[in-house]
Amino acid sequence: MALATALNTLAILLNRLGKHEDAMPLCEWAHSVRADLLGPEHPEVATSLNNLAALLYSMGKYDEAVTHFQHSLAIREKALGPEHPEVAESLNNLAVLLTHQGRNEEAMETYDRSLYIREKLLGHEHPDIATTLNNLAVLLKDLGRPAEAKLHHERALSIRSKVLGSHHPDVATSLNNLAVLLKDQGKFDEAEPLYQRSLEIDEKVYGPNHPEVALDCNNLAVMLKEQGKYEAAQLYHETALAIREDVLGPTHPDTATSLLNLAGVYDSLDKHVEAERLYRRSLAIREEMLGPMHPKVANVAAGLARFLTRVGRGEEALPLLERCVKIHHTSFGPEDSSVATSLNFLANVLMQLGRLKEAKVCFKNAGEIEASRQRRSKDDQGRTARPSVSEERPSVSEERPSASEERVEQPRKLSTFMRAGSQLYHALGGYVDTWGLKGVQGVSQGGQEGVTRGSRGGPEPRGGAPAGASRRAPSGRETFWRLCRHHGPAVFPAARMEAFALLVLSINNLQGYSLADLYAPMLVSTLVQG
């Protein structure tokens with residue numbers, strides 16, 4: 001079981017690094033190990049299926065992901081009962097995929113049930129309830145219900161501030177998302193101080209060179225661009241890009257996001273050469289990391305097409321827009337609003353090029369999709385009167401050029417972060433004292449996890465010098481290197497690998513994501529050897 005746990009943890013790390021193809025065989029291996037040892041209907045098998053589905057979700061394979069989430073949910077309901085926290089988690093994750101498939105009513109009902117279970121088991125002021133409220137608010141905003149979304153964000157912020165403290169990273173998440181909502185309503189004066197507070201918290205918790213700080217800078221830049229403050233937006237986007245390239249690497253999907261958004265600013269400043277270079281680099285990264293048919297590839301293609309059209313190169317934009325239509329059709333179905341949007345964009349470019357007959361067909365198809373969606377919406381409203389909602393969803397909002405990034409919980413929140421310190425202390429035994437880690441028994445103020453597109457930070461170990469010593473406490477990075485260099489894999493038998501995995505996962509989350517590459521071969525080779 002230690003093998004399956006470590007493989008699963010490593011797969012999560014690789015997924016967050018954007019290395020989905022590398023993560024997939026590890027997820028499948030972990031699932032196979034658990035199914036063989038425990039049987040196909042064990043709760044741990046459901047966990048493996050859940051994480052495999054989360055990986056497929058990251059890869060844009062929504063139909064496959066839904067199947068695995070549904071299978072995971074069925075196992076948990078049978079093994080644990082219909083009102084168990086892990087059942088609530090599966091419902092939450094399933095709702096994410098339903099949303100991405102445009103099945104919003106089903107998603108709402110699924111969130112309702114997840115919230116009901118969590119409130120019944122955890123009460124009304126538990127951090128998991130705040131996560132649910134946060135995620136539901138993002139969905140409500142996307143559905144054009146900003147007033148309800150605001151109430152949910154404010155309640156989530158209130159719970160987190162009261163339970164976790166005003167300087168906790170999850171509070172930064174709520175501040176960020178409420179700011180995104182206000183910004184989308186044009187309330188820039190109300191949004192800006194929330195963005196700034198979120199940035200201050202993340203810089204204090206994580207330091208200035210962390211992906212969460214990059215996300216804050218990105219979102220501030222997005223708002224400044226919408227206000228026409230292009231030079232200020234450029235500075236924040238360049239800061240976000242520098243952090244992501246340094247910490248995540250030049251080919252990470254989040255780096256591609258910064259390239260995309262900075263390209264939009266360059267475009268607005270008429271820096272056409274720089275803009276096109278960044279658009280094409282972003283597109284190349286997403287094609288390589290996510291595959292040519294991922295929805296996020298379509299977002300970059302649309303941005304590049306918009307740029308090409310603006311500079312009078314409409315013919316070059318056409319194949320990009322045709323590709324957007326195909327991707328959205330494949331990913332979300334033929335009657336999704338994204339298909340209609342892409343068709344309308346394509347039709348407008350065709351009109352500019354004088355290809356009126358083709359444009360008319362595109363406009364007609366887009367109109368039929370929108371008419372069909374409106375009919376279904378009216379039918380649904382007449383059929384069901386929903387109760388007042390305060391439910392959930394961990395979803396990832398679709399990115400568009402210069403889009404704000406909302407912090408929403410992705411499938412399977414890693415509660416292991418919160419346990420990493422105490423598990424390490426007990427599992428590593430004497431090696432803890434050797435390296436000045438006596439006292440790593442809990443989580444320092446403001447150092448827990450909350451998940452965003454990838455994941456928010458991990459626990460901040462309380463490093464303390466041995467009794468009587470005056471040297472400064474080792475940082476997480478130093479601790480990791482001491483353990484690796486002085487002990488090596490041999491000191492960690494399989495029984496201790498889960499704790500070691502948690503150590504690397506928590507340090508990785510605080511210091512950046514690149515350590516996972518160094519950790520991966522050592523972890524797997526150690527486990528395979530025994």
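Mentor: Welcome! A nonpolar core is a set of buried Ala, Val, Leu, Ile, Met, Phe, Trp, Tyr and Cys residues joined through side-chain atoms within 4.5 Å; buried means under 20% relative accessible area, with exposed over 50% and partly exposed in between (1.4 Å probe, protein chains only). This model is predicted, with pLDDT of at least 70 needed for local features and 80 or more for side-chain atom pairs, while totals for chains, interfaces and linings use all residues. Residues are numbered from 1 along each chain, and side-chain values use heavy atoms, without hydrogens and water.

Trainee: Which residues touch the most other members of the largest nonpolar core?

Mentor: Leu97, Tyr111 and Tyr195, in a core of 66 residues. Beyond four places in sequence, Leu97 contacts (heavy atoms within 4.5 Å) Tyr57, Tyr62, Ala65, Val66 and Phe69. Another core, of 42 residues, lies apart from the largest one and includes Leu259 and Ala347.

Trainee: How do I read the packing of H3 and H4?

Mentor: Two packed helices are described by the angle between their axes and the distance between the axes. Here H3 (residues 43-58) and H4 (residues 62-80) pack at about 160°, their axes 8 Å apart. H3 is therefore roughly antiparallel to H4 (angles over 145 degrees, on a scale from 0 to 180; helices are DSSP runs of H or I, at least four residues). Among the contact residues are Leu49 and Tyr57 of H3 and Tyr62 and Phe69 of H4.

Trainee: Is Pro295 buried or exposed?

Mentor: Buried, at 4% relative accessible area. Pro295 belongs to helix H15 (residues 295-310). Outside four places in sequence, Pro295 touches Gly60, Tyr62, Ile327, Ser331 and Phe332. The C-alpha atoms of Pro295 and His328 are 6.5 Å apart, across 33 residues of chain.

Notes: Helices (H or I, at least four residues) and strands (E, at least two) are DSSP runs, numbered from the N terminus. Angles under 35 degrees count as roughly parallel, over 145 as roughly antiparallel, 65 to 115 as roughly perpendicular and the rest as oblique.
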